[in-house]
Amino acid sequence: MDNKVLAKVNGIEITENDVNLLMRSLDPQVAMQFYSPEGKAQLLDELVNQELFYCDAIDNNLEEDEEFKAEIERMKRIGLKQYALRKVLNTAKVTEDEVEKFYKEHRENFLEEESVSASHILVKTEEEAKELLEKIKSGVSFEDVAKEHSTCPSSSRGGELGNFTRGKMVPEFEEAAFSMKVGDVSKAPVKTQFGFHLIKVTDKQPAGIKAFDEVKQEIFNTVLSLKQQEKYLEKSKELKEKYKVEITE
């Protein structure tokens, strides 16, 4: 794709990529304001202004100001510190065997709680809930009844609430959902502080250890972090022996 030149300031080109880079540097919510052609024009104007200030700085020989030189030196020191640290951390490597070993030795870290997937229909009165339960028993699908009658925002999804573990729902709802079998619809309305629910359990997962493939990337990141910390401490110790350090307070 061509990198279209959008403007020139004293011969310096400002391209479409420059505008896109500036947009990506913004907070996502702020960037949304500049997605339109008018918004991109504002960003282009900002880049033009920046180049104008640059040209003016060159004309006035500001790069020779002592204050500017000190700022450049400060930024250089910060950048060099970060680069040197990154070079050390990048020496840390993680093998597949190390990831598998960590998984086997720390299986207790990957416990998966018992969970339930469920849908529900929420209404204000017990009488209405009982009427809807009879509809479902007569053959009308739970999802259709939820879409038409449920007062919960989940109605647009046929009442689907997704997967949840214990402690995520109000006690009355949780007790009912976890006591049911997959495919069951609650035999009677369940009362909570929100109203009356009809519950349908669509899936259940018992407690257990997460599969290796499910947590492989998480383990890799953990082991890498541990090895990077080790590299950091080793290098810090080496440098403290090499250079004089004085703590004055």
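This tour goes through a predicted model, one selection at a time.

**Stop 1**

Select asparagine 10, in the loop between strand 1 (5–9) and strand 2 (12–15). Its phi is near 55°, a positive value in a residue other than glycine. Most residues other than glycine have a negative phi. Is asparagine 10 buried or exposed? Asparagine 10 is exposed, because its relative accessible area is 72% and the cut-off for exposed is over 50%.

**Stop 1: helix 1 against helix 3**

Display helix 1 (residues 16–24) together with helix 3 (residues 37–59). The two pack with their axes 10 Å apart, at an angle of about 100°. Helix 1 and helix 3 are therefore roughly perpendicular to each other, since angles of 65 to 115 degrees fall in that class. Which residues make the contact? From helix 1, select Asp18, Val19, Leu22 and Met23; from helix 3, select Lys40, Leu43, Leu44, Glu46 and Leu47.

**Stop 2: leucine 26**

Next select leucine 26, which sits in the loop between helix 1 and helix 2 (28–31). With a relative accessible area of 24%, leucine 26 is partly exposed. Setting aside neighbours within four places in sequence, what does leucine 26 touch? Its contacts are Ala31, Phe34 and Leu43. Leu43 also belongs to the helix 3 side of the contact with helix 1.

To move on, draw a distance from the C-alpha atom of leucine 26 to that of asparagine 61. The separation is 31 Å, for two residues 35 apart along the chain.

**Stop 3: asparagine 61**

Asparagine 61 is in the loop between helix 3 and helix 4. Here too phi is positive, about 55°, although the residue is not a glycine. Asparagine 61 has a relative accessible area of 41% and is partly exposed.

**Stop 4: the surface of helix 4**

Select Phe68, Ile72 and Met75 and show their surface. These residues form a nonpolar patch with about 270 Å² of accessible area together. Phenylalanine 68 is found in helix 4 (residues 66–89). At 38% relative accessible area, phenylalanine 68 is partly exposed.

**Stop 5: salt bridges**

How many salt bridges does the structure hold? The count is 13. Side chains of opposite charge can pair when their charged atoms come close.

Begin with lysine 101 and glutamate 105, whose side chains meet in a salt bridge at 2.8 Å, N to O. Both residues lie in helix 5 (residues 96–105), four residues apart, about one turn of the helix. Lysine 101 is partly exposed at 48% relative accessibility, and glutamate 105 is partly exposed at 47%.

Go on to glutamate 134 and lysine 137, where the salt bridge spans 3.8 Å, N to O. These two are three residues apart in helix 6 (residues 126–137), so about one helical turn separates them. Glutamate 134 is partly exposed, with a relative accessible area of 47%, whereas lysine 137 is exposed, with 57%.

Then select lysine 200 and glutamate 143, which form a salt bridge of 3.4 Å, N to O. Which parts of the chain does the pair link? Lysine 200 is in strand 7 (residues 195–205) and glutamate 143 is in helix 7 (residues 142–149), so the pair links distant parts of the chain, 57 residues apart. Glutamate 143 counts as partly exposed at 29% relative accessibility.

Finish this stop with Glu64, Glu66 and Lys69. Salt bridges that share partners join these residues into one network.

**Stop 6**

At 48% relative accessibility, asparagine 163 counts as partly exposed. What is in contact with asparagine 163, leaving aside its neighbours within four places in sequence? Select Ser115, Val116 and Ser117 to display these contacts.

Last, draw the distance between the C-alpha atoms of asparagine 163 and glutamine 205. The two residues are 42 apart along the chain, and their C-alpha atoms are separated by 9.3 Å.

How values were computed: Residues numbered from 1 in each chain as written. Predicted model: local features only at pLDDT ≥ 70, side-chain atom pairs only at ≥ 80, totals over all residues. Heavy atoms only, no water. Patch = residues over 30% accessible without salt bridge, like charges linked within 9 Å, V, L, I, M, F, W, Y side chains within 5 Å. Areas by Shrake-Rupley, 256 points an atom, 1.4 Å probe, with all protein chains shown as cover. Salt bridge = Lys/Arg side-chain N within 4 Å of Asp/Glu carboxyl O. Buried < 20%, exposed > 50% of the residue type's maximum accessible area, 1.4 Å probe, protein only. Axes fitted to C-alpha atoms, helices over the stretch in contact; angles between N-to-C directions. Parallel < 35°, antiparallel > 145°, perpendicular 65-115°, else oblique. Contact = heavy atoms within 4.5 Å.
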